[in-house]
Amino acid sequence: KSLDISHKWLERGVRHFKETEPLYGYGQSYFPIVQGSVYKDLRRKSAEFIASQGMDGNAIGGLSVGEPAEVMYEMIETVNEILPKDKPRYPMGVGPPANIIEGVARGIDMFDCVMPTRNGRNGMIFTQEGTINLKNEKWKNDFGELDPYGTSYVDHCYTRAYLRHLVVSGERLAAQIASIHNLAFYLALVREIRQRIIDGTFADWKDEAC
């Protein structure tokens, strides 16, 4: 019943979108959202309906909300068997680096997530060596670079000890530095993914990265 209601909303939304003239000559894209929770039959039904709308791209909703990662991957595979391959496929709110890599492996093109900045505001940074919680005492006297493998200027200007000091002191600068680092980490990750796909080495690299 909820899925049918969502599809009725979508029909109204698509109709309104097509009847609305772009402001100032700038058009927009409308991405319908596949729903269906963790039920394969509902996911297939929704994906078929969303694909029939013929919009610029398609979103996948209702994932990365607490279900096991393997279930999320299964739902992505289910709907991506149906959604057009020539249009962007975008799972909403995903997610941790491993989820992004696994999502790409299953045909995902676009991502968005609050995790880089939300985690940064809470003193957590992503690195090639894993996630670091700067609130932990172990970083108090670590005067090495924030991330020696980092691609942002903050990685080489600040130490983990200094950023930890800002975090535990409640300084707003801590959230800024950590967020800049995390965003740079994510951008570097997807650049690496793109290059690996171009080089034809993505599958082997994924097995090592995850």
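In which handedness of crossing does α7 pass α8? The crossing is left-handed, a term used when the near helix is turned anticlockwise from the far one by less than a right angle, with right-handed used if clockwise.

## Model and conventions

This is a predicted model, in which local features need pLDDT of at least 70, side-chain atom pairs count only at pLDDT 80 or more, and totals for chains, interfaces and linings use all residues. Residues are numbered from 1 along each chain as its sequence is written, and side-chain values use heavy atoms, with hydrogens and water left out.

## Overall layout

The protein has nine helices and five strands. Both are DSSP runs, numbered from the N terminus: helices are H or I, at least four residues, and strands are E, at least two. Read from the N terminus, the order is α-β-α-β-α-β-α-α-β-β-α-α-α-α. Along the principal axes, the C-alpha atoms fill a box of roughly 60 × 45 × 35 Å.

Of the 210 residues, 38% count as buried. Buried means under 20% relative accessible area, exposed over 50%, and partly exposed in between (1.4 Å probe, protein chains only). Contact means heavy atoms within 4.5 Å. Among contacts with a separation of 6 or more, 57% join residues 24 or more positions apart.

The largest nonpolar core has 16 residues. Such a core is a set of buried Ala, Val, Leu, Ile, Met, Phe, Trp, Tyr and Cys residues joined through side-chain atoms within 4.5 Å. V34, I60, L63, M72, V79 and L83 have the most contacts inside it. Helices α1 (2–19), α2 (40–52) and α3 (69–80) each supply at least two residues of this core. The largest share, five residues, comes from α3.

I60 touches I33, V34, R43, V79, N80, L83, Y90, P91, M92 and I108, leaving aside residues up to four places away in sequence. Apart from this core lies another, of 12 residues, among them I125, W139, A174 and A178. In soluble globular proteins, nonpolar side chains tend to be buried together.

W9 sits in helix α1. Is W9 buried or exposed? W9 counts as exposed, because its relative accessibility is 56%.

## α7 against α8

Helix α7 (residues 160–169) and helix α8 (residues 172–199) have axes that come within 7 Å and cross at roughly 130°. Axes are lines fitted to C-alpha atoms, for helices over the stretch in contact, and angles run from 0 to 180 degrees between N-to-C directions. The two helices are therefore oblique to each other. Angles under 35 degrees count as roughly parallel, over 145 as roughly antiparallel, 65 to 115 as roughly perpendicular and the rest as oblique.

On the α7 side the contact uses Y162, L163, L166 and V167, and on the α8 side L173, A174, I177 and A178. By class, this contact has eight nonpolar, no polar and no charged residues. Here Ala, Val, Leu, Ile, Met, Phe, Trp, Tyr, Cys and Pro count as nonpolar, Asp, Glu, Lys and Arg as charged, and the others, Gly among them, as polar.

## α4 and its cover

α4 and α8 pack at about 25°, with their axes 11 Å apart. That makes α4 roughly parallel to α8. Their crossing is right-handed. P97, I100, I101 and V104 in α4 meet F185, Y186, L189, V190, I193 and I197 in α8. The contact has 10 nonpolar, no polar and no charged residues.

α4 is mostly covered, with seven of its nine residues buried. These are P97, N99, I100, I101, E102, G103 and V104. Their cover includes α3, β4 (124–127), α8 and α9 (202–209).

## Backbone exceptions

Most residues other than glycine have a negative phi, and most peptide bonds are trans. The peptide bond from V94 to G95 is cis, with omega near -5°. G95 lies in the loop between β3 (89–91) and α4 (97–105). After α4 comes G107, with a positive phi near 100°.

S37 is not a glycine, yet has a positive phi of about 55°. Its place is the loop between β1 (33–34) and α2. At 37% relative accessibility, S37 counts as partly exposed. S64, also not a glycine, has a positive phi of about 60°. S64 lies in the loop between β2 (58–60) and α3. S64 is partly exposed, with a relative accessible area of 29%.
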